[in-house]
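User: Could you go through this model with me? I'd like to start with how the chains meet and then move on to whatever else stands out.

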2 protein chains.
Amino acid sequence: MLGIQNIGTYIPKDFVDNFQQADRFETNREFVEQKIGVSTLPRLGKDETVVSACLNAFQNLSSKEAIDLEQIDCVVLCTQNPDNGGLPHNSALLHGELGLSEDCACFDIGLACSGYVYGLSVIQSFMAANGLRKGLFFTCDPYSRILNQDDKNTCLLFGDAASVTLISETPRYVLDRAKFSTKGAGSQALRRKNNMLEMNGRAVFNFALQDVPKQINRLLDDSGLTTDDIDLFLLHQGSRYMLESTIKRAGIPLEKAPVRLDKTGNTVSSSIPLLLVNELENKHRTILMSGFGVGLSWATAVYRLVE
Amino acid sequence: MLGIQNIGTYIPKDFVDNFQQADRFETNREFVEQKIGVSTLPRLGKDETVVSACLNAFQNLSSKEAIDLEQIDCVVLCTQNPDNGGLPHNSALLHGELGLSEDCACFDIGLACSGYVYGLSVIQSFMAANGLRKGLFFTCDPYSRILNQDDKNTCLLFGDAASVTLISETPRYVLDRAKFSTKGAGSQALRRKNNMLEMNGRAVFNFALQDVPKQINRLLDDSGLTTDDIDLFLLHQGSRYMLESTIKRAGIPLEKAPVRLDKTGNTVSSSIPLLLVNELENKHRTILMSGFGVGLSWATAVYRLVE
């Protein structure tokens, strides 16, 4: 059965000091620390791209795991801020840069903060249905490209990063069950307009608090599980206060749900793999992941350790 | 088993007369007729969008098939020219406009002329893996948004259109087997640069003639089939000369492979559903579809009639 074998990540060296940003916006530093929970926001350097960031994540993966490029038969990239406006799909550019075999399926998927949970299921089901055996699922969504520098609501939140997840027939974790939801009627809460991100923070907060815990608990119910049966909860790291409130509302014990966005900010579809990469060796029997944001879109999945 | 139940399409009323374009470019009208094979190129009107065109395709589908919106649990849209730069993913906007249930998975995929063959497999495998039962797969890639009006190579070729394919457990056609290939090293042949499409026609032609017939014949071999076993070949309608040359090179009898782009031009991921919609009632036992273009990416699939 296909599943998650390993993960590589990349966090750009360039960054913005969020306390300096707070001063620029005349915002209380305590607010930045306590409510947003982010001191440092990584930024793609001026010569960096989605493709170069993904290649760096792949380099990181390769340092942990010998990868025979000839065997890679599927590449999927999740982004809503691709290079070249996504034409060609950036997964094809990665295919070219990595020198992969022609017998390799490549496509991009357009999703934001729910993208990792979705994308894992998309690539795994597509590979299984088509007899593919070794895939790379990349995430990289550099919101720095669309931040309005005068908008403190978004400038203080989003960081750039990339990840790659190796999907193989010798996995550490396999998908147990997932749930996917959409509320297109609420899509105005997070959107690109004139190539800038617009966010209604209050609407996003209400969505996270109302809808995400409900989905998590419905998935647990449908799986015949309770929060006690889950060893680790990896929730999308939107902002510290929103995250902690969502965790509490869902009835998740705080010690099981890491809040770790201080050095990265909200990295969109890369936030969950940035957490998961540090937990892969820890033999958690069950991991629940939940991503939520742009769409509005939210997705939750339970993964099980392969013993 | 999930498969193709029905198709709705939309061709905008606005259009460009390709012979007038030929005059503008001081190009031989015979060349436009014989080599390109397109007299009329539909264009999204100034108030039309990807979302509105997809809704029109859905309207067309609804006129053929009663659809209970409450039952739709998956929406996938294939485009590389989305509204709002794809943030939010336009499938979420469609979700909102159609007033679909919250228990509905929505995501976009970024692919061009291979997108229909890919997208069908992506949505079907994702739905099957997640127990989803009724899905809508949209295509709409309005190249009019990125055409350089001084570039006759692309202006004479591309038309706008949209399609929606209803995926259900009561299908007329089900996927037998598919093959997906990528040559990222050749991606320069078709790309967006400064928000304009650039095409190396010669490179695309060579790709179509060399790689597409090879994939078609490999898929037939792997399936234990020959061209005799296939009742209908639906190839991406790039341009008349390229298409006819590809059909011949693949050893496909001309009468089994429609060339029907006169009134639409190359509609990217909508070209195959625009053909298929006219064939759904015809009880072909086996249909081979093959899409190829931007990436470079090519995909071929065999579908079987459910009897």
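This is a predicted model: local features need pLDDT of at least 70, side-chain atom pairs count only at pLDDT 80 or more; totals for chains, interfaces and linings use all residues.

User: OK, how many residues of chain A are in contact with chain B?

Analyst: In chain A, 46 residues are in contact with 46 residues of chain B. The elements of chain A that each supply at least two residues of that side are helix 4 (90-98), strand 5 (105-110), helix 5 (115-129), strand 8 (173-182) and strand 9 (190-193).

User: Which element has the largest share, and what about residue classes?

Analyst: Helix 5 of chain A has the largest share of the side that touches chain B, with seven residues, and the residues of that side divide into 22 nonpolar, 18 polar and six charged.

User: How do the strands 5 of the two chains run, parallel or antiparallel?

Analyst: Strand 5 of chain A and strand 5 of chain B (residues 105-110) run antiparallel and are joined by three bridges. Within this pairing, Asp108(A) has Gly110(B) as its bridge partner.

User: Switching to helix 4 of chain A: why is it largely enclosed?

Analyst: Helix 4 of chain A is largely enclosed by the rest of the structure because seven of its nine residues are buried, among them Asn90(A), Leu93(A) and His95(A). Their cover includes helix 3 (50-64), strand 4 (74-78), strand 5 and strand 6 (134-140) of chain A, together with strand 8 (173-182) and strand 13 (297-305) of chain B.

User: What follows that helix?

Analyst: Helix 4 of chain A is followed by Gly99(A), whose phi is positive, near 65°.

User: Last topic: which domains does chain A have?

Analyst: The domain assignment gives domain 1 (3-170) and domain 2 (174-305) in chain A, and 17 Å separate their centres, taken over C-alpha atoms. In chain A, 43 residues of domain 1 are in contact with 45 residues of domain 2.

User: Which element gives the most on the domain 1 side?

Analyst: Helix 5 of chain A gives the most, with seven residues, and by class that side of domain 1 has 23 nonpolar, 17 polar and three charged residues.

Key
Residues are numbered from 1 along each chain as its sequence is written. Chains are lettered from A and ligands numbered from 1 in the order in which they are written. Two residues are in contact if their C-beta atoms, placed from the backbone, lie within 7 Å. Helices (H or I, at least four residues) and strands (E, at least two) are DSSP runs, numbered from the N terminus. Ala, Val, Leu, Ile, Met, Phe, Trp, Tyr, Cys and Pro count as nonpolar, Asp, Glu, Lys and Arg as charged, and the others, Gly among them, as polar. Two strands pair if DSSP finds at least two bridges between them. A residue is buried if 20 or more other C-beta atoms lie within 10 Å of its own, exposed if 12 or fewer, and partly exposed in between; C-beta atoms are placed from the backbone. Domain bounds come from an automatic or database domain assignment.
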